[in-house]
Amino acid sequence: MLRGFDRLFALLAASLSAQFVLAEEQAVERWGVNMPKGVTEVAQTTYELHMLIFWICVAIGVLVFGVMFYSMWRHRKSKGYKAAQFHESTAVELVWTIIPTAILILMAIPASKTLYDIYDTDKADLDIMITGYQWKWKYDYIGSDVTFFSNLSTPRTQINNEQPKNPNYLLEVDEPLVVPIKKKIRFLITANDVIHAWWVPDLAVKKDAIPGFINESWTRIEEPGIYRGQCAELCGKDHGFMPIVVKAVPQDEYNAWLDGRVASAVKMRELTGKTFTFDELFAQGEKVYNNVCAACHQPNGKGVPGVFPAIAGSKIATGPLNNHLNIVIAGSQVNPAMQAFGEQLSEVDIAAVITYQRNAFGNEMGDTVQPVDILNFKNKQ
Amino acid sequence: MAHGPQSGLKRWLYTTNHKDIGTLYLWFSFAMFFMGGCMALIIRAELFEPGLQIVKPEFFNQMTTMHGLIMVFGAVMPAFVGLANWMIPMMIGAPDMALPRMNNWSFWILPFGFTMLASTLFMEGGAPNFGWTFYAPLSTEYAPPSVTFFIFSIHILGASSIMGAINIIATILNMRAPGMTLMKMPLFVWTWLITAYLLIAVMPVLAGVVTMMLMDIHFGTSFFSAAGGGDPVLFQHVFWFFGHPEVYIMILPAFGIISAIIPTFARKPLFGYSSMVYATAAIAFLSLIVWAHHMFTVGMPIAGELFFMYATMLISVPTGVKIFNWVSTMFRGSMTFETPMLFAIAFIILFAIGGFSGLMLAIAPADFQYHDTYFVVAHFHYVLVPGAIFSITAGVYYWLPKWTGNMYNETMGKVHFWLAFIGLNLTFFPMHFVGLAGMPRRIPDYALQFADFNQMASMGAFLFGAAQVVFLFNVVRTVMGGRKATEQVWDNPQGLEWTVPSPAPYHTFSTPPVVR
């Protein structure tokens, strides 16, 4: 019988091998059961440590459960087995204290070595500052002007099941972190509000982002590719909606990307002097609102009673412009959840979003705020 | 003085009888178990498939927080205190607990503490939403206003636990029957004695950390705010100095219950009694020096990482000794498999699996990948559900005939066991996989590749929930009536509790027995 099965399997494997392998790969992706091997040396060593300790546990488990199931099978009253009465043995107790201790010491050696490796953040080729915000990441490329926020790009409609979901549902962002391959990159990790944790499984980097403190970590990515991760520390309402996407590219591609970034930053600064029409501001403001404000104040501007105030008909959005500018640019004095967006958004975006808030959701204030107004307000402070 | 209980509601309000108070504790924890369980089912229903279907993220976070708090402080701890109340005096041949009035007080503040905690669900801004570990500053500057009520209810629960612990220590050290030396005490008594010391060591620390939160929120201090010169990581150190011993508080008494049940149904004395006592003491000591293994990713200096890694790995040695001792007790016994034994055996197997994943988590570099993922959720549910819940269940089936004088329904007990066993594994085993594959914990929605295992887990959770309804039904039926239990109930079980009639009279051991 068994041989028959074997032959059947061999036949199947031979004739369908190509499709079989493909199907298996897809199945593994769908039913991911293990830690990824990763694309850095540290990730691979971590994976090996994980498998080593796993197999040690399996071996001990087989032994202990083996004895247990054997005696459950053999030593039962229904089979007329008479109980022995032994209940002590110092020698046996010593054996099963000393052997596990020895195994642990053997295990501790490679673990400690890897740990030293992970902690060696010296001699980096590139420094990137990562700041966690509720609920997005900011990346600063130290030594250049390049700095940007990285937001979830999965549309709300997919989250609310009104549209089919993308393959990378909840693991996609508007601006990925772009890094060069085969370079030692040091991450300086901190947070602006609560504690977050920056985690990309393929890099085996997970480090808490703590407000007021800077943590260090590093990576050296061997293969170009896109690596996805998520915030790993509960950080409030949208903790599940602040993914991380790392795009690793060859050095020259990275240089070109960086130059493009610097150029667009210059262009953005020039735009600050420009006067926009109401429609331009309103349209841009809606985009910014949905990206930045809607998480708390809700897409319909109604807020969440008792937690997040409404924009629709609010005293600030329908009151004097200065108060509105102040709370958006400098943040709230009483509620830390309302951050100081003066440091986070460009003058254009702030002008646009304030224009939007004062005219959307039935607010109908009719005023237009220009980027220059924002600049003047900031300078006065 | 009356010899029987008072009648009506007064009996329960004024009682100083250890059996009555034990019963109150057990029913209260059973109610909390169902409440926390319903919250778990809301969580699992939302996670049945990707997308937001049933609850909003803010409510989801309230559910995970309240589920954790209620299960830890409302279900598991009071259940063990209830068992201690019922069993410790009977096991050591004492007429009652040493401090009966305090016993009444320590129970009756609990319902008020939990009413206050549960009332936050109806407050503006909602219930606590920062996880049962309530890390600052999410739980201070960024917390909903209800956090103040949460802090006060933690104070009340802590006071209750400390009083319970003092009572247990006073009882065990002063009221043992003549001849009952420390090294003759049943292991349940030993493990509870050690647990009680742990409680006294760490509950004040919990009270301290929530008080620091209260100061930060209302009185302008900055213990946990870097902007004022404080440190959010300080919170985690203080919390886990409480928190790690706390998880052992929820497992040590379980070791005692299992050490009573396995020998009874193997018809063979417990193997290595004294090594069991020493192992328990060793685990309790180690639990006080491993707290920062919950914080491997906060950016500790490497010396700290290494110390906490080594100390954590060491815990597996005394824990291993316990498992080996239980297996040796079973080996060459004459076993039968009544419901308590089934739960006890499942305890050993599943707790060992939770121990294995614990050992994996101890390896700091690997923990960087496991930390705050579903692998951790799988790990601690494997130690807490089969560990604490199964052992309590086993204990209830084991001693219920002694308490009520009636035998429970064995078939229904077995149905309960198999439903719970299958449901539990279906719920928590797949969580290992999604965790390793990269799913963070405490998220209301997840990426598509985690969908299949989450669906399995959700179905398992509802099965597990259904199993507990069978349990409730079986217990109620046994309390109401059923086949009469003998004095011994089981086949020659060891211990003084089996020398009194079933049901145990309202007052037992008014004259102390003599233990040889």
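This is a predicted model: local features need pLDDT of at least 70, side-chain atom pairs count only at pLDDT 80 or more; totals for chains, interfaces and linings use all residues.

Trainee: How many helices and strands does chain B have?

Mentor: Chain B has 15 helices and 0 strands. Helices (H or I, at least four residues) and strands (E, at least two) are DSSP runs, numbered from the N terminus.

Trainee: Why is chain B said to be as compact as a globular protein of its length?

Mentor: Its radius of gyration is 22 Å, close to the 24 Å that the globule rule gives for 516 residues, so chain B is as compact as a globular protein of that length. The radius is taken over C-alpha atoms, and the rule is 2.2 Å times the number of residues to the power 0.38. The C-alpha trace of chain B spans about 65 × 50 × 45 Å along its principal axes.

Trainee: What share of chain B is buried?

Mentor: Buried residues make up 63% of the 516 residues in chain B. A residue is buried if 20 or more other C-beta atoms lie within 10 Å of its own, exposed if 12 or fewer, and partly exposed in between, with C-beta atoms placed from the backbone.

Trainee: Which residues have the most contacts inside the largest nonpolar core?

Mentor: They are B:Val189, B:Ile261, B:Ala344 and B:Phe347, in a core of 260 residues. Helix H3 (residues 57-92) of chain B gives the most to this core, with 22 residues. A nonpolar core is a set of buried Ala, Val, Leu, Ile, Met, Phe, Trp, Tyr and Cys residues joined through C-beta atoms within 7 Å.

Trainee: What is B:Val189 in contact with, neighbours in sequence aside?

Mentor: Leaving out residues within four places in sequence, B:Val189 is in contact with B:Ile88, B:Met91, B:Ile92 and B:Ile172. Contact requires the C-beta atoms of two residues, placed from the backbone, to lie within 7 Å.

Trainee: How many residues of chain B are in contact with chain A?

Mentor: There are 79 residues of chain B in contact with 81 residues of chain A. Helix H10 (302-330) of chain B is one of the elements that give two or more residues to this side, and H10(B) gives the most, with 14 residues. By class, the side of chain B that touches chain A has 50 nonpolar, 18 polar and 11 charged residues. Ala, Val, Leu, Ile, Met, Phe, Trp, Tyr, Cys and Pro count as nonpolar, Asp, Glu, Lys and Arg as charged, and the others, Gly among them, as polar.

Trainee: Turning to chain A, which strands pair with S10(A)?

Mentor: Strand S4 (residues 177-180) of chain A pairs with S10(A) in the parallel sense over 4 bridges, and A:Val179 has A:Ala248 as its bridge partner. Strand S9 (residues 225-231) of chain A runs antiparallel to S10(A), joined by 6 bridges, with A:Arg228 opposite A:Val245. Two strands pair if DSSP finds at least two bridges between them.

Trainee: Is S10(A) mostly covered or uncovered?

Mentor: Strand S10 (residues 243-249) of chain A is mostly covered, with 5 of its 7 residues buried.

Trainee: Where are the cis peptide bonds?

Mentor: One joins A:Gln134 and A:Trp135, with omega about 0 degrees; A:Trp135 is in the loop between strand S1 (126-133) and strand S2 (136-141) of chain A. Another joins B:Ala136 and B:Pro137, again with omega about 0 degrees, and B:Pro137 lies in the loop between helix H4 (100-119) and helix H5 (147-174) of chain B.

Trainee: And B:Phe509, is this residue buried or exposed?

Mentor: With 21 C-beta neighbours inside 10 Å, B:Phe509 counts as buried. Its phi is near 50 degrees, a positive value in a residue other than glycine. B:Phe509 lies in the segment after helix H15 (451-480) of chain B.

Terms used:
Residues are numbered from 1 along each chain as its sequence is written. Chains are lettered from A and ligands numbered from 1 in the order in which they are written.
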